[in-house]
Amino acid sequence: MLSLLLAALVAMVSVPTAQADEKLYLYTENFPPYNMSATGRAFEHKGNAIDGICTEMVKAILNNTDLEYVIKLRNWDYGYNRALNKSNHGIFCTTYTEERAPRFKWVGPLSRNLWTVFAPPGTDLQIDRLEDTRGMLFGGYRNDVKTEYLIEHGYEVSALDSDDLNPKRLELGQIDLWLADRLGGPYVASQQNVDGIEPVFSFNDTELFLAINPETPEATVEKLNAGLKKVHESGMFEAIETKYGL
């Protein structure tokens, strides 16, 4: 009888540990220079083939924990929905907003993002406020916070499953404007052989995080935030930012 009781107690104690140590599945997208394939492919199955500011930050955090993990590069919509609906799944770099706050557990901030309106090369467009773009068509992509913001505020958006095509659409006149990151927008455009897109207005300096499914054990999230603290204390955080010109 005593042995059965002891076995039951051991089982009760061991369950949370097993849950907390379950492998993490983390997703990101091609969003250079924050996250990107090291080989130029649309998807990557292994973390060592993924680079970028946020990716290096996340790897540095994980290296300061004992957590097992997998990092994959997919399109944003796929990764976001996996993180939203499956325990021990997460996505980065995710813009923190009040609306998104209760949907995830958060680790960060990892970096910052300055939203910028880009116009076609050679434009003479003058914008003093976002309101000046009413009646113009933006290029966007699904489940992206910038696209959601534009739609919620009544702007016209043509959204795709990937942001990569929007610079070319802008160049060809298929869209009037593109809302992207000030640092990342020209980088994405150059990868699509589009040069000279014009930043005409910037707003909403936001913070980027690793967003974790809320059913993930709190012990796992605590380990990740402790890992982030060590990255700051070691100077690695500033070193990664400097590497990418931030």
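Select Lys146 first: leaving out residues up to four places away in sequence, Lys146 touches Asn113, Trp115, Leu179, Ala180 and Asp181, where contact means heavy atoms within 4.5 Å. This is a predicted model, in which local features need pLDDT of at least 70 and side-chain atom pairs count only at pLDDT 80 or more, while totals for chains, interfaces and linings use all residues. Residues are numbered from 1 along each chain as its sequence is written, and side-chain values use heavy atoms, with hydrogens and water left out.

Lys146 belongs to helix 4 (residues 145-152); helices (H or I, at least four residues) and strands (E, at least two) are DSSP runs, numbered from the N terminus. With a relative accessible area of 3%, Lys146 is buried, a term that means under 20% relative accessible area, with exposed over 50% and partly exposed in between (1.4 Å probe, protein chains only).

**The cavity**

Next, select Glu29, Phe31, Trp76, Cys93, Thr95, Arg100, Asn113, Tyr141, Asp144, Val145, Lys146 and Leu208, which line the largest cavity. On a 1 Å grid over the protein atoms alone, a cavity is a set of points where a 1.4 Å probe fits but cannot get out, whereas a pocket is an open set with protein on both sides within 12 Å along at least five of seven lines; lining residues have an atom within 4 Å of a point. The largest cavity holds about 80 Å³ of space, a volume being the space filled by probe spheres set on the points, which are joined across faces, edges and corners. Strand 5 and helix 4 are the elements that give two or more residues to this lining. By class, the cavity lining divides into 6 nonpolar, 2 polar and 4 charged residues; Ala, Val, Leu, Ile, Met, Phe, Trp, Tyr, Cys and Pro count as nonpolar, Asp, Glu, Lys and Arg as charged, and the others, Gly among them, as polar.

**The disulfide**

From the cavity-lining residue Cys93, move to Cys54: a disulfide joins Cys54 to Cys93 (S to S 1.6 Å), the criterion being a pair of cysteine sulfur atoms within 2.5 Å. The whole structure contains 1 disulfide. The link is left-handed, with -110 degrees about the S-S bond. Cys54 lies in helix 2 and Cys93 in strand 5, so the pair ties together parts that are 39 residues apart in sequence. Both cysteines are buried.

Now select helix 2, where 9 of the 11 residues are buried, including Ile53, Met57, Val58 and Leu62. Then display Leu26, Phe92, Leu110, Leu210 and Leu224, which touch the most other members of the 30-residue largest nonpolar core. Such a core is a set of buried Ala, Val, Leu, Ile, Met, Phe, Trp, Tyr and Cys residues joined through side-chain atoms within 4.5 Å. Among the elements that each supply at least two residues of this core are strand 1 (24-28), strand 6 (105-119) and helix 7 (218-234). Helix 2 gives the most, with 7 residues.

Focus on Leu26: beyond neighbours within four places in sequence, its contacts include Val58, Leu62, Phe92 and Leu210.

In helix 7, select Val221, which counts as buried at 4% relative accessibility. Not counting residues up to four places away in sequence, Val221 touches Lys105, Trp106, Val107 and Ile212.

Finally, select Asn30, Arg41, Ala42, Ser162 and Asp164, the closest to the centre of the largest pocket among its 17 lining residues. This pocket has about 320 Å³ of space, and its lining has 4 nonpolar, 7 polar and 6 charged residues.
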